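Please examine the sequence and the structure displayed below. The briefing that follows is arranged by topic.

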Amino acid sequence: MKDEAARTTVDDHREAVAPRRMGQLGRAEALRLLGSISLGRIVFTHQALPAIRPVNHVMDGEDIIVQLHDGATLASIVTPTQAAGVVVAYEADVIDPETHLGWSVVVTGYARRVTEEGELARFAARLRPWAQHPATANALRIRADLVTGMQLTA
């Protein structure tokens, strides 16, 4: 099945799925799709090694806002003295496991802590964590410098 995608069924039998085409998404469409969902993955450096964490997000214009939790690894990636921020990547996707149709977006940019109280309150009201965490008023803003997206179509 060189030219066909395949899926595995419950009984471990692989069924053929028609080949898919991968097309590029423009910046505006990629950011629009990213704003249509709330869960993604942030990629950062932790103890000199790459690390990935699932997080929920909201969009603020073209910026991605991620809530930080006290004591979390993410809270340590940007200190208040790093005004320019640190480089991170953010990836989110929606790909149907049955049809193999969907999209994936990757944003690379500088992340910095949100420190203004009004912004923190506004983001805290919009972010809906998927897991219970102690209350926190910390957030990370990721500036979307490089945006790439792809769409899988039939």
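Ala84 counts as exposed, because its relative accessibility is 57% and exposed means over 50% relative accessible area, buried under 20%, and partly exposed in between (1.4 Å probe, protein chains only). Ala84 lies in the loop between β6 and β7 (86–95), and its C-alpha atom is 8.0 Å from that of Ala111, 27 residues away along the chain. This is a predicted model, in which local features need pLDDT of at least 70 and side-chain atom pairs count only at pLDDT 80 or more, while totals for chains, interfaces and linings use all residues. Residues are numbered from 1 along each chain as its sequence is written, and side-chain values use heavy atoms, with hydrogens and water left out.

**Confidence**

- The mean pLDDT of the chain is 83, and 75% of its residues reach 70 or more; pLDDT is the predictor's confidence in each residue, from 0 to 100.
- Where pLDDT is low, the predicted coordinates should not be read in detail.

**Overall architecture**

- The chain contains 2 helices and 10 strands; helices (H or I, at least four residues) and strands (E, at least two) are DSSP runs, numbered from the N terminus.
- Read from the N terminus, the order of the elements is β-β-β-α-β-β-β-β-β-α-β-β.
- The chain has 154 residues, of which 37% are buried.
- The accessible surface comes to about 9,000 Å², and carbon and sulfur atoms account for 56% of it; these areas come from the Shrake-Rupley method with a 1.4 Å probe, and for residues only the protein chains shown count as cover.
- Of the contacts (heavy atoms within 4.5 Å) between residues at least 6 apart in sequence, 67% join residues at least 24 apart.

**Strand pairing**

- Strands β4 (residues 39–46) and β5 (residues 49–60) run antiparallel and are joined by 8 bridges; two strands pair if DSSP finds at least two bridges between them.
- His46 stands opposite Leu49 in β5.
- The hairpin of β4 and β5 has 2 residues between the strands, and Gln47 takes a positive phi near 50° there.
- Strand β5 is also joined to strand β6 (residues 63–68) by 4 bridges, and these two strands run antiparallel.
- His57 has Val66 in β6 as its bridge partner.
- The hairpin of β5 and β6 has 2 residues between the strands, and Gly61 takes a positive phi near 70°.

**Salt bridges**

- The structure holds 10 salt bridges, each defined as a side-chain nitrogen of Lys or Arg within 4 Å of a carboxyl oxygen of Asp or Glu.
- Glu29 and Arg32 form a salt bridge in which the closest N and O atoms are 2.8 Å apart.
- Because Glu29 and Arg32 are 3 residues apart in helix α1, about one helical turn separates them.
- Glu29 is partly exposed, with a relative accessible area of 31%, and Arg32 is partly exposed at 48% relative accessibility.
- A salt bridge also joins the side chains of Glu91 and Arg41 (2.4 Å, N to O).
- This pair links distant parts of the chain, with Glu91 in strand β7 and Arg41 in strand β4, 50 residues apart.
- Glu91 is buried, with a relative accessible area of 16%, whereas Arg41 is partly exposed, with 27%.
- The side chains of Arg141 and Asp63 meet in a salt bridge as well (2.8 Å, N to O).
- The pair of Arg141, in strand β9 (residues 138–142), and Asp63, in strand β6, links distant parts of the chain, 78 residues apart.
- Arg141 and Asp63 are both buried.
- A network of salt bridges links Asp60, Asp63, Glu119, Arg122 and Arg141.

- Met150 is located in strand β10 (residues 146–153).
- Met150 counts as buried, because its relative accessibility is 19%.
- The C-alpha atoms of Met150 and Gly23 are separated by 5.4 Å, although the two residues are 127 residues apart along the chain.
- Not counting residues up to four places away in sequence, Met150 touches Met22, Gly23, Leu25, Gly102, Trp103 and Ser104.
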